[in-house]
Amino acid sequence: MGQTPARKAVKAAGGQPKKRPGKAQRAAAKQAQAAKKTGGGKPAAKKTAAKKAVPLPRGAVRAAHPGTCPACFKDYDKGTVITKVAEGWGHRACAPRKPSAAELAFARNKARIESGETFRSQKASDWRLGSSPSSSRPTR
């Protein structure tokens, strides 16, 4: 009986060729893959562990024990997502929101403009009141 090139290579390497699984084994493997795709067949303990694996926002933790929010004086349960508030730990909604870098820059620029400060690229106007730009003072 003739051997295929693949079998010859395996025999030359000194190993046994892999046998194809039987019909019953292939059916069981397909059934296991289908159960894995639909989520069936998993124990309940693994499903609850997956819920806790959800990443929390930066600076937030889950409460180890029930407590009271110092900002709104409402109770929170064990496992509630909390963050640092002024005098302790409390609800994330009660914590003051930090402005972004763009919001801070906007506020600084607005304050400078409202105070009458001019920017380096801007000079005082050379226009004379009631005159056209062509009749303004000569430039220095």
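**The largest pocket**

Modeller: The protein has a mean pLDDT (the predictor's confidence in each residue, from 0 to 100) of 77, and 66% of its residues reach 70 or more. This is a predicted model, in which local features need pLDDT of at least 70 and side-chain atom pairs count only at pLDDT 80 or more, while totals for chains, interfaces and linings use all residues. Residues are numbered from 1 along each chain as its sequence is written, and side-chain values use heavy atoms, with hydrogens and water left out.

Confidence is highest in strand β3 (residues 75–76), at 94, and lowest in helix α3 (residues 44–52), at a mean of 53; helices (H or I, at least four residues) and strands (E, at least two) are DSSP runs, numbered from the N terminus. Where pLDDT is low, the predicted coordinates should not be read in detail.

A pocket is an open set of points on a 1 Å grid over the protein atoms alone, where a 1.4 Å probe fits, with protein on both sides within 12 Å along at least five of seven lines. The largest pocket holds about 230 Å³ of space, a volume being the space filled by probe spheres set on the points, which are joined across faces, edges and corners.

Strand β4 (residues 81–85) contributes the most, with three residues.

Conventions: 1 Å grid on protein atoms, 1.4 Å probe; cavity = no way out; pocket = protein on both sides within 12 Å on 5 of 7 lines; lining within 4 Å.
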